[in-house]
There are 2 protein chains.
Amino acid sequence: MTTQQESTRELHMTTQQVADRFYELAKEGRWEDIQSELFSEDAKSIEPQHAPLPLAEGLSAIRKKAEQWQEMTEETHGGYCNEPIVAGNFFACAMGMDVTLKGQGRSTMDEIALYEVRDGKIVQEQFFY
Amino acid sequence: MTTQQESTRELHMTTQQVADRFYELAKEGRWEDIQSELFSEDAKSIEPQHAPLPLAEGLSAIRKKAEQWQEMTEETHGGYCNEPIVAGNFFACAMGMDVTLKGQGRSTMDEIALYEVRDGKIVQEQFFY
């Protein structure tokens with residue numbers, strides 16, 4: 001039983017491998033691919049308490065949140081994601097964007113995004129800004 | 001009034017400057033100096049829910065937590081702190097240590113440590129492991 005569990009575990013990507021793939025896709029702005037490929041079905045997405053976006057539990061709620069963000073956005077002028085740092089089953093990166101939100105004008109946003117990995121999948125993302 | 005506030009604000013270190021100084025001291029293991037020099041008096045320190053250490057509110061509680069950790073520790077064999085990443089008023093770094101805890105044997109621990117900065121001081125530290 002233990003041996004079976006261990007051999008299953010070996011098939012999972014390590015946190016470093018998930019972070020590397022995340023970074024590869026993030027640099028190209030492929031956020032939907034990141035969700036499909038790297039997120040667990042029951043992943044959570046946590047914004048700061050002061051943010052207008054709600055806690056999203058599960059991949060479909062996370063996709064809905066992305067749609068809400070798109071609806072709030074008039075134009076995305078640019079964005080960046082720096083190379084992740086990795087420790088244990090977490091990785092974090094500095095990212096940001098330059099957007100015009102509807103009725104709010106243009107602004108730049110910078111944040112630390114923190115990801116928790118279990119069994120080779122992202123189970124939680126949390127944003128700090 | 002606005003002008004006074006702005007000129008006061010200019011005297012504060014930026015998040016990048018706090019992160020740079022933090023890193024300089026952390027590489028030398030000068031954690032007490034980090035607390036004295038860079039932490040706000042009312043700073044909070046947050047461990048994961050599964051950790052045996054409590055939430056510490058205020059610098060004296062944070063110092064008490066450090067003492068508790070020392071009491072739990074038989075020997076510290078080594079440790080590291082990697083260069084911080086910075087975004088907005090947050091910075092984060094990967095850090096870890098190699099310790100023997102009393103009655104628990106030797107183990108290595110890796111974590112992401114996340115710091116929030118306000119007015120040139122660290123107001124919150126949060127550990128993810």
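How do α2(B) and α3(B) run relative to each other, roughly parallel or roughly antiparallel? Let me build up to that. One caution before I start. What you see above is a predicted model.

Chain A on its own, then. It has four helices and seven strands. Going along the sequence, the order is α-α-α-β-β-α-β-β-β-β-β. The C-alpha trace spans about 60 × 25 × 25 Å along its principal axes. Chain A has 129 residues, and 23% of them count as buried. Now take the contacts in chain A between residues at least 6 apart in sequence. Of those, 42% join residues at least 24 apart.

On to the helix pair. Two packed helices are described by the angle between their axes and the distance between the axes. Start with chain A. Helix α2 covers residues 15-27, and its axis comes within 8 Å of the axis of α3(A). The two axes cross at roughly 155 degrees. Angles over 145 count as roughly antiparallel. So α2(A) and α3(A) are roughly antiparallel to each other. Their crossing is right-handed.

Who makes the contact? From α2(A) we have Val18(A), Arg21(A), Phe22(A), Leu25(A) and Ala26(A). From α3(A) come Asp33(A), Ile34(A) and Leu38(A). Sort the residues of this contact by type, and you get six nonpolar, no polar and two charged.

Now chain B, and my opening question. The axes of α2 (residues 15-27) and α3 (residues 31-38) of chain B come within 8 Å. They cross at roughly 155 degrees. Therefore α2(B) and α3(B) are roughly antiparallel. The handedness of this crossing is right-handed. On the α2(B) side sit Val18(B), Arg21(B), Phe22(B), Leu25(B) and Ala26(B). They meet Asp33(B), Ile34(B) and Leu38(B) in α3(B).

One residue in α3(A) deserves a stop. Glu32(A) lies in that helix, which covers residues 31-38. Buried or exposed? Glu32(A) has 11 other C-beta atoms within 10 Å. The cut-off for exposed is 12 or fewer. So Glu32(A) is exposed. For a sense of distance, take Gln16(A), 16 residues away from Glu32(A) along the chain. The C-alpha atoms of the two are separated by 20 Å.

Last topic: how the chains meet. In chain A, 17 residues are in contact with 17 residues of chain B. Which strands of chain A each supply at least two residues to the side that touches chain B? They are β4 (85-87), β5 (90-101) and β6 (105-118). The most comes from β5(A), with six residues. By type, the side of chain A that touches chain B has 12 nonpolar, three polar and two charged residues.

And the symmetry? Two copies of a chain are related by a rotation about an axis and a shift along it. Here, chain A can be laid on chain B by a turn of 180 degrees and a shift of 0.0 Å along the axis. The RMSD is 0.0 Å. The two copies are thus related as by a two-fold rotation axis. The interface residues fit in here too. Of those in chain A, 100% are also interface residues in chain B, so the copies meet through the same surface.

That's the tour. Over to you.

Terms used:
Residues numbered from 1 in each chain as written. Chains lettered and ligands numbered in written order. Predicted model: local features only at pLDDT ≥ 70, side-chain atom pairs only at ≥ 80, totals over all residues. Contact = placed C-beta atoms within 7 Å. Nonpolar A, V, L, I, M, F, W, Y, C, P; charged D, E, K, R; others polar. Least-squares fit on C-alpha atoms with pLDDT ≥ 70 in both. Buried ≥ 20, exposed ≤ 12 C-beta atoms within 10 Å, placed from the backbone. Axes fitted to C-alpha atoms, helices over the stretch in contact; angles between N-to-C directions. Parallel < 35°, antiparallel > 145°, perpendicular 65-115°, else oblique. Left-handed = near helix turned anticlockwise from the far one by under 90°.
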